[in-house]
Amino acid sequence: MLTRIISLTSIMDDIYDVHGTLEELEPYTDAIQRWDRSVIDQFPDYIKLHFSALLDTVDKFEEELAQEGKSYRIPYLKQVFKEVSKGYLIEEQWSNSGYVPTLEEYMTNALITSAYPMLSVVSFVGMGDIATKEGFDWGVSMPKLIEAASVICRLKDDITSNQLEQERGHVASIIQIYMNKNGSTYEEACEKFKRMAADAWKDINKECLKPTPAPMPLLMRIVNLTRVIEVLYQHRDGYTNPTYETKERILSVLVNPIPV
């Protein structure tokens, strides 16, 4: 379930960042907020394809979960997915108008568009009975653990993919915002946010000390999602361009035999 949502989110990110116009994205965001299949024919084919896949996928999840008495989890999935689409639209509106947000404005929205608050909650959807309604309520409240994971995701992404995103006309990244506000160099800005990411790991460690606010298996989903970011962005943006380390690591784990 998580893999499917990651795929759909990655495609949606490109729809908002690269392909969609504001005139297309505003009604699309509204349709996602209403989860309204009836308007699907008003969109261009590439959006129609994504929206149809999203609705069909979540419908399938609901059918599977209903058999286990867990369909109550679907509204949580929809809630966090809707938040991401609203965040993407805000970024597109900023980019389209040339607006440069303040550091505070940027981070408030960027934590959502990192998609980690959403993926953290979605990672609970297919779990067993330990993922209770209380666990989902905790997950959607932006607890400190998820906030810290989102900070790491956003900062690692911005540091390593900043140049590419600025070349294609993306909204100003946290690097540009900090440089403009403080008159710092690119290198100074990167060092600042590397330290902030390191501090966020300390918050994650603290949140995992017992007693924990949620069962440890739920917390470990978030910890492992954060570890993924550390691996993907260790040397470069290994998500956008997986040709190098990302490809080799996947091959080492799943394809190449271990010498014995």
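Is Arg-34 buried or exposed, or does it fall in between? Arg-34 is partly exposed, with a relative accessible area of 45%; here buried means under 20% relative accessible area, exposed means over 50%, and partly exposed lies in between, for a 1.4 Å probe and protein chains only. The structure is a predicted model, in which local features need pLDDT of at least 70 and side-chain atom pairs count only at pLDDT 80 or more, while totals for chains, interfaces and linings use all residues. Residues are numbered from 1 along each chain as its sequence is written, and side-chain values use heavy atoms, with hydrogens and water left out.

Side chains of opposite charge can pair when their charged atoms come close. A salt bridge is counted when a side-chain nitrogen of Lys or Arg is within 4 Å of a carboxyl oxygen of Asp or Glu. The whole structure holds 16 salt bridges. In one of them, the side chain of Arg-34 meets that of Asp-30, at 2.9 Å from N to O. Both residues belong to helix H2 (residues 22-34) and sit 4 residues apart, about one turn of the helix. Helices are DSSP runs of H or I with at least four residues, numbered from the N terminus. Asp-30 is partly exposed too, at 37% relative accessibility. The pair is part of a network of salt bridges that links Asp-30, Arg-34 and Asp-36.

Asp-137 is partly exposed at 33% relative accessible area, and Lys-133 is partly exposed at 43%.

Helix H8 (residues 144-167) carries Arg-154 and Asp-158, 4 residues apart, about one turn of the helix. Their side chains meet in a salt bridge of 3.3 Å, N to O. Here Arg-154 and Asp-158 are both buried. Ala-149 also lies in helix H8, and Ala-149 is buried, with a relative accessible area of 1%. From Ala-149 to Leu-232 there are 83 residues in sequence and 14 Å in space, C-alpha to C-alpha.

Two other helices can be checked for length. The expected span of a helix is 1.5 Å times one less than its number of residues. Helix H4 (residues 74-97) has 24 residues, which should span 34 Å, and its end C-alpha atoms are 35 Å apart, which agrees. Just after H4, Gly-98 takes a positive phi of about 75°. Helix H10 (residues 186-207) has 22 residues and reaches 32 Å from its first C-alpha to its last, close to the 32 Å expected. Which residues of H10 are buried? They are Ala-189, Cys-190, Phe-193, Ala-197, Ala-200 and Ile-204. Seen down the axis of H10, these buried residues fall within an arc of 95°, so they line one face of the helix; the arc is that of the directions from the helix axis to the C-beta atoms. On the other side of H10, Glu-187, Arg-195, Lys-202 and Lys-206 are exposed.

The last topic is empty space. Rolling a probe the size of a water molecule over the atoms shows where empty space is left. On a 1 Å grid over the protein atoms alone, a cavity is a set of points where a 1.4 Å probe fits but cannot get out, and a pocket is an open set with protein on both sides within 12 Å along at least five of seven lines; lining residues have an atom within 4 Å of a point. Grid points are joined across faces, edges and corners, and a volume is the space filled by probe spheres set on the points.

There are 2 cavities of 30 Å³ or more. The second largest cavity holds about 40 Å³ of space. Its lining includes Val-231, Leu-232, Gln-234 and His-235. Helix H11 (216-232) and helix H12 (245-254) each supply at least two residues of this lining, and H12 gives the largest share, 3 residues. The lining divides into 2 nonpolar, 4 polar and 3 charged residues; Ala, Val, Leu, Ile, Met, Phe, Trp, Tyr, Cys and Pro count as nonpolar, Asp, Glu, Lys and Arg as charged, and the others, Gly among them, as polar.

The second largest pocket holds about 230 Å³ of space. H12 gives the most to its lining, with 5 residues. The lining of this pocket divides into 6 nonpolar, 1 polar and 1 charged residues.
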